[in-house]
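Visitor: I have not looked at this structure before. Please show me how to read its features.

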Amino acid sequence: MSVLDDIVAGVRIDLAEREQQISFDEIQALAQQAPAPLDPMPHFRSDHISVISEVKRKSPSKGDLAQIPDPAVLATAYQRGGAAAISVLTEQRRFNGSLDDLRTVRAAVGVPVLRKDFIVTSYQLHEARANGADLALLIVAALPQSDLERLHAEARSLGLTVLVEVHDAEETRRAVDLGAELIGVNARNLKTLAVDNDTFGRLASLIPDDRVRVAESGISGVADVERFAAEGASVVLVGEALVKDGDPEAAVRAMSAVPTDHQSTTNQQ
């Protein structure tokens, strides 16, 4: 069993417990009552890199990263630094996240919020909206194409912006064929946890220019952001480097100042 398979198995166990507490009908009703979701796409298509800053306590590869006693404090620092969106880990076993963190961050910031989890059922999408998420993550490697298509369509019907995550050429083709507008290339292989920072450069050309490309993982500072921008990224998703930084506000501000490749070209003309 791969690391991803093991994580998804745990997610399904925890999900079953939540479904016992709140029925699907109830979670649907709560999702319908939630405020209208915020749209991150205009910011993501701007002429400077958009930073999705992550609230992340722990990871399967690095273990404990940061305590984060109050996610609202970190999230508001990200917002002051110019974060285009805030990503909140809600998976509890491997990442020590929770839906409480999602609600806390949503209440604290005025920018879009991403539910970062291993979403494999419709219930989780309604759960995301019910708890204030504006975006949801779908990982191609975790889903058969039929489920990916169904969940993508359902997420869009709920008003969620969907970040579709890929790791290789075949997954990228599936995301493009799906019609995904926002495609994230994760440098970390979720089946082995190995990181290859050349992954984005290899796959970016497979993503049409009318889609928004997101570089995920392996970003430790501004130099990495500049590299990915030059390779075609409009957005970067950064977790570990920010939660471990002594001044996350300044770190986000510096990353957000990086022009996209299109803007760099425009400035040179």
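**Cavities and helix packing**

Guide: The largest cavity holds about 50 Å³ of space. Bear in mind that the model is predicted.

Visitor: Which residues line the largest cavity?

Guide: Its lining is made of V11, D14, R18, T90, E91, Q92, R115, D117 and Q124. Helix α1 (residues 3-21) gives the largest share of that lining, three residues. By class, the lining of the largest cavity has five charged, three polar and one nonpolar residues.

Visitor: What is the volume of the second largest cavity, and what lines it?

Guide: The volume of the second largest cavity is about 30 Å³. Around it are V185, N186, A187, D196, N197, T199, F200, A215, E216, S217 and F228. At least two lining residues come from each of β8 (182-186), α9 (199-203) and β9 (212-216). The lining of the second largest cavity divides into five nonpolar, four polar and two charged residues.

Visitor: Now the helices. What describes a packed pair?

Guide: Two packed helices are described by the angle between their axes and the distance between the axes. Take helix α2 (residues 24-33) and helix α6 (residues 122-130): their axes are 7 Å apart, and the helices pack at an angle of about 40 degrees. The crossing of α2 and α6 is left-handed. On the α2 side, F24, I27, Q28, L30 and A31 make the contact, and on the α6 side S122, Y123, H126, E127, R129 and A130. By class, this contact of α2 with α6 has six nonpolar, three polar and two charged residues.

Visitor: At roughly what angle do the axes of α4 and α5 cross?

Guide: The axes of helix α4 (residues 71-80) and helix α5 (residues 99-108) cross at roughly 45 degrees and come within 9 Å. Therefore α4 is oblique to α5. The crossing in which α4 passes α5 is right-handed.

Visitor: Which residues make the contact between α4 and α5?

Guide: From α4 come P71, A72, A75, T76 and Q79, and from α5 come D101, T104, V105 and A108. The contact of α4 with α5 has five nonpolar, three polar and one charged residues.

Notes. Residues numbered from 1 in each chain as written. Predicted model: local features only at pLDDT ≥ 70, side-chain atom pairs only at ≥ 80, totals over all residues. Heavy atoms only, no water. Axes fitted to C-alpha atoms, helices over the stretch in contact; angles between N-to-C directions. Helix = DSSP H or I, 4+ residues; strand = E, 2+ residues; numbered from the N terminus. Parallel < 35°, antiparallel > 145°, perpendicular 65-115°, else oblique. Left-handed = near helix turned anticlockwise from the far one by under 90°. Contact = heavy atoms within 4.5 Å. Nonpolar A, V, L, I, M, F, W, Y, C, P; charged D, E, K, R; others polar. 1 Å grid on protein atoms, 1.4 Å probe; cavity = no way out; pocket = protein on both sides within 12 Å on 5 of 7 lines; lining within 4 Å. Points joined across faces, edges and corners; volume = space filled by probe spheres on them.
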